[in-house]
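User: I'd like to learn how to read salt bridges and cores in a model. Can you walk me through one?

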Amino acid sequence: GERLLQTRSDAELVARGTTLLRLEVADLEPGFGGRLHAVLRSSRAAELPAHRFSPGDVIAVPATREAVPVTTAVVAKVRRETLTIALDDEDAELPGLVRLDRMATDVTWKRLAAALRDAGRERRGDEARFLDVLFEEREPEFADQPAADAVAWFDTTLDASQRDAIALALRARHVALIHGPPGTGKTTAVVEFVRQAVARGERVLACAPSNVAVDNLAERLLRAGLRIVRLGHPARIQAAVRDVSLAAQVEQAPEQKLLRDVRREVDQYLRRMHRAKSRQDRFSARNEVRRLRAELRQLESGVTR
């Protein structure tokens, strides 16, 4: 992404759909966690030109090609006339006209490097034994029970190999691997495993290498009647499970009346800041936005816990 920015002209970048030029701020609105959302529209036409921006994309927001980005952001919503972005820097002051450049994110690689560094530090007890199993320095341990024929299955359509795999996972003291080609029912087996673990009173954290995979699992678990919380950036979560995202559940909490009142105030001061004629009015409105956002984060943090 950065190499393209350095070697291609603006016209080529716009043609590729990875850059949008001369956008103006149509509105500013508070998002979850006090995050600032900017609604952008074309300064030249009623509709945005053709582009390849989609929810979840990481973008840089500079005024011009040569300018240092005012902030980075995540695309939250795409409409024909507008594009809404969630700014990473809540205090960023957007200029009159901005451009958007889609960026390649290095978050995955940073997390991989951090995980490797973490794996290398000294550990004791259960943590050390778990790592030894993962690196094949000791054999994984399994309990004697439950055997596959002793489990009360929720899904009665499971075949013998799925039941054996789930029973093995339920007996695992360290780690279990369920392996199979596409279409052999691994996700179905994982859903059953989670249901069995929850029925035993356990709490389950389900992870996957992509948002789509997590959404797929979340949708299946919802259909099974489990109470779940989908963690992740709201802009990267599919509509089918957005209602159980952390952000949505916070929105539905009983404390929302107080949160709504604070958000309304934030909204008012954001608009006042956006439309301020003098530097002093803008400074005063920005200070009030900062104070209210801090209050909002504190309230949302309590609801989130």
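User: Which side chains does Asp10 meet in a salt bridge?

Analyst: A salt bridge here is a side-chain nitrogen of Lys or Arg within 4 Å of a carboxyl oxygen of Asp or Glu. In this model, the side chain of Asp10 meets that of Arg99, at 3.1 Å from N to O. Asp10 lies in helix H2 (residues 10–16) and Arg99 in strand S6, so the pair ties together parts that are 89 residues apart in sequence. Helices (H or I, at least four residues) and strands (E, at least two) are DSSP runs, numbered from the N terminus.

Bear in mind that the model is predicted: local features need pLDDT of at least 70, side-chain atom pairs count only at pLDDT 80 or more, while totals for chains, interfaces and linings use all residues. Residues are numbered from 1 along each chain as its sequence is written, and side-chain values use heavy atoms, leaving out hydrogens and water.

User: Is Arg99 buried or exposed?

Analyst: Buried means under 20% relative accessible area, exposed over 50%, and partly exposed in between (1.4 Å probe, protein chains only). Arg99 has 2% relative accessibility, so it counts as buried. Asp10, at 26%, counts as partly exposed.

User: Now the cores. Which residues have the most contacts inside the largest one?

Analyst: A nonpolar core is a set of buried Ala, Val, Leu, Ile, Met, Phe, Trp, Tyr and Cys residues joined through side-chain atoms within 4.5 Å. The largest has 30 residues, and Leu40, Ile59, Val61, Leu83, Ile85 and Leu100 have the most contacts inside it. Elements giving two or more residues to this core include strand S1 (19–30), strand S5 (82–87) and helix H10 (279–304). Its largest share, six residues, comes from H9.

User: What is Leu83 in contact with?

Analyst: Contact means heavy atoms within 4.5 Å. Leaving aside neighbours within four places in sequence, the partners of Leu83 include Leu20, Leu40, His51, Phe53 and Leu100.
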